[in-house]
Amino acid sequence: NEETKASQKNDVAVEQFHSSNAFPELSVKKAAHRNLQEGSRKEEEDQCRLPSMEAAYASILRELGEDVDRHGLLRTPLRAAKAMQFFTKGYHETVDDVLNDAIFDEGHDEMVIVKDIDMFSLCEHHLVPFFGKVHIGYIPNKKVVGLSKLARIVEIYSRRLQVQERLTKQIAVGLSEALKPRGVAVVIEAAHMCMVMRGVQKMNSRTVTSSMLGAYRDDPKTREEFLSLTQN
Amino acid sequence: MEHSRQTEFTSNDGKDTRDTTLVVNGHFDGVVKKPSAALQSPATESGSHRSAASVSESWKEEHARSVEDNEVSLPSLAAAYTTILRGLGEDPHRQGLAKTPWRAATAMQFFTKGYQETIIDVLNDAIFDEDHDEMVIVKDIDVFSMCEHHLVPIIGKVHIGYLPNKRVLGLSKLARIVEIYSRRLQVQERLTKQIAVAITEALHPTGVGVIMEATHMCMVMRGVQKMNSKTITSTMLGVFREDPKTRDEFLTLLSSQPATYNDWQNNSIIFQSMAEDHSSDGCCQTR
């Protein structure tokens, strides 16, 4: 009787082993597993929307007075549509997917800063790029996050049609909800091509926005430390 | 075979020799100077000749826009942008995006306003007979263009130098010529060449040199994603092409430190070469 029980257990174990494709990591990392499924769905979506966007770009080229059949513009509608999809790929991603469970118990409670993260986004009002640098600081509550994950969170929210104020806040709130740290600070300094290339045409103007949560908002000294460390 | 330097310039352009009635950008006399067969570029350049031919065809005067054309095409441009917004998965009716199709359409028309302008309008007869035959350089002209392959901005600087042949051009006209050609769907190589050829046609100087260095957002924001890469193209015509010393002088003057006035650091600064040692006349401060 014990033998059959043991063999039953064994069968179950073998089945589990096979069902998880024999890779123990996959069965543990649910996020990655979900990502595998979601990834293919997103690509399909992008593929079906491509023809209508291509047609839209072709009509834009025509309306601007260009000759759509000239050599340099032959595949431009397709390239422009794909480029635009790349610039808005952040819509498909969530913080959970990207963090990849890269949260570690370090027992660290001093400020961690990742600065000069290059950021490229699209102005939602003119569909023209704005780009700059993001500085992120947080005070962990015993849990630290993998450093590249901060940059990946920036990527998720910046690759969308954005307003710089909202982008700053989304990064801060996204990080704060994922980690629950003692404080989060995000500063973005960017140049807006909609101001540089058109309109007022001020070449050297920069827009700076910041979002301070938790200890950074309450304690001016903490904020000062962050700002002095990032402004060099 | 005696050719004046002027006709040499037009042959460098690789223009279509078959049809002299084609009007190419910047050739305000309406007639394309036929390059001679002897000066024709060798077979290796046949590819560029083909594309140059299609370039000249696409810039026919008949395709030039007018302000009325802009107003007429605005609704269909806006409709196209609405389709794009929907295709990206966004909600075109949310508050931030409600008027975006119109704004994006007008922005795009602004970025391609070079199609509406012609060299004649812009030059405004600002050509003066000055007995000057030393190099004139206008550098650090900010230039913004649109990559014709991805419809993404190109951002950079243009440096222009020319050796007048008794006729000088109003300085801002150099920047205006840059504006006409840059505010189009462009390829950096073609943009540099068009600027050089336009100045040549307008002034018939002894030589023209145009250098452009730019960052291509299509390389920075997507694709290879190389943040710090710069593309540099140049066109040297006339004596700039033939005489290495002239070219050297031009390049040296470009890389010298400009005099920095506190509020005017980023404006284009004029340098005129002098016969004597340049650094001794105190017009430049070394930083």
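Is Asp118(A) buried, partly exposed or exposed? In this predicted model, Asp118(A) is partly exposed, at a relative accessible area of 33% (buried means under 20%, exposed over 50% and partly exposed in between, with a 1.4 Å probe and protein chains only). Local features need pLDDT of at least 70, side-chain atom pairs count only at pLDDT 80 or more, and totals for chains, interfaces and linings use all residues. Side-chain values use heavy atoms, leaving out hydrogens and water, and residues are numbered from 1 along each chain.

Asp118(A) meets Lys133(A) in a salt bridge, 3.2 Å from N to O (a side-chain nitrogen of Lys or Arg within 4 Å of a carboxyl oxygen of Asp or Glu). Lys133(A) lies in strand β3 of chain A and Asp118(A) in strand β2, so the pair ties together parts that are 15 residues apart in sequence (strands are DSSP runs of E, at least two residues). Lys133(A) is likewise partly exposed, at 35%.

Between the chains, the count is two salt bridges. In one of them, Arg94(B) meets Glu124(A) at 2.9 Å, N to O. Arg94(B) sits in the loop between α3 (67-87) and α4 (100-111) of chain B and Glu124(A) in the loop between β2 and β3 of chain A, so the pair joins two chains. Glu124(A) is buried, with a relative accessible area of 2%, whereas Arg94(B) is partly exposed at 22%. Arg94(B) also forms a salt bridge with Glu90(B), with closest N and O atoms 2.8 Å apart.

Across the interface, 47 residues of chain A are in contact with 51 residues of chain B (heavy atoms within 4.5 Å).

Technical notes:
Chains lettered and ligands numbered in written order. Helix = DSSP H or I, 4+ residues; strand = E, 2+ residues; numbered from the N terminus.
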